[in-house]
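Subject: Structure for your review

Dear colleague,

I am passing on the structure we spoke about, together with some notes on it. Please read the notes with the structure open beside them.

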Amino acid sequence: MATTHKTRMLIIGSGPAGLSAAIYGARAGMEPIVVQGLQPGGQLTITTDVENYPGFREVIQGPWLMQEMQAQAEHVGTRMMWDTITSVDLSGPVFVATGDSGDTYEGDTLVIATGAQARWLGVPGEQALSGKGVSACATCDGFFYRGRKVVVIGGGNTAVEEALYLTNHSDDVTLIHRRDSLRAEKILQDRLLANPKITVVWNKKVDEFLGDDRGELRAVALTDTETGEKSEIATDGAFVAIGHAPATELFKGKLAMDETGYLLVQPGTPKTDIPGVYAAGDVSDHTYRQAITAAGSGCMAALDAERYLAERDFAGITETEQA
């Protein structure tokens, strides 16, 4: 039988943003509910070595970090729900989400922390070698390839920024693009083409990521988009940089978003265009996309939600007294 679950703060998504919001919300007495979604724990559950999350001198594992975050959230009073939200009603004053289970979730405030996923090429070897030489985040994994040969695949701002970043760690960076010109902003193109550590390979598409006997990346297989000629580039690391897709399908037509689907928030805050609804983490961040920034925005969302409820409750008391 379908059940209705009520809370002062409803959180959709269980990555660093959602769980950080839950920790702060629970400590503020809002008894938050987190609906975990299709990928409980978010992108860190498919990330192996994590070396840039503050507080750990040794490398930690992404799944372990998310297990600890969830345990902490539950310890302070968060309810975790194994469900996937299929529709939302943001007309208020209570925000309602309906799950695939048939259950409904009602929140006086709503934190959207559904995240974003890297776009992949979908070629052989890509997923098999993920974390073994193939990555979609240079700022996350570039450090592991210091002093080694790396390639970046793409031609937009993301690809150029990743290639430039990787020159902090490698003197041999190759950008592979399937066309003869880049789509990135001109200032980024100028920086890329002027950097002696970067080589650009034009008119090549990646057919396959090739592994060695140890199951680690050794090369990328290419096809020339003009001649059809086949070739390979040996490399230690390959970074797919063709953009990210935010998980915002549920909110189309209900919340303001940019042309690529990222939720729009008031500058410097997680506040959306609907009071009491907040966007935290990668769902509204196409610039930084780090676990630590996601966690920080989750904290901000919970603090803003607490203030929103306090102001609303105070206004309600004042109106009652005047009546």
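Predicted model: local features only at pLDDT ≥ 70, side-chain atom pairs only at ≥ 80, totals over all residues.

Residues are numbered from 1 along each chain as its sequence is written, and side-chain values use heavy atoms, with hydrogens and water left out.

Helix H2 covers residues 62-75 (helices are DSSP runs, H or I, of at least four residues, and strands are E runs of at least two, numbered from the N terminus). Gly62, Leu65, Met66, Met69 and Ala73 of H2 are buried (under 20% relative accessible area, with exposed over 50% and partly exposed in between, for a 1.4 Å probe and protein chains only). These residues cover an arc of only 95 degrees around the axis, which puts them on the same side of H2 (the arc being that of the directions from the helix axis to the C-beta atoms). The face turned away from that buried side carries the exposed Gln67 and His75.

Across the whole structure, 16 salt bridges were found (a side-chain nitrogen of Lys or Arg within 4 Å of a carboxyl oxygen of Asp or Glu). In one of them, Arg312 pairs with Asp108, with the closest N and O atoms 4.0 Å apart; because Arg312 lies in helix H6 and Asp108 in strand S8, the pair ties together parts 204 residues apart in sequence. Asp108 is buried at 15% relative accessible area, whereas Arg312 is partly exposed at 30%.

Conventions:
Expected span 1.5 Å × (residues − 1).
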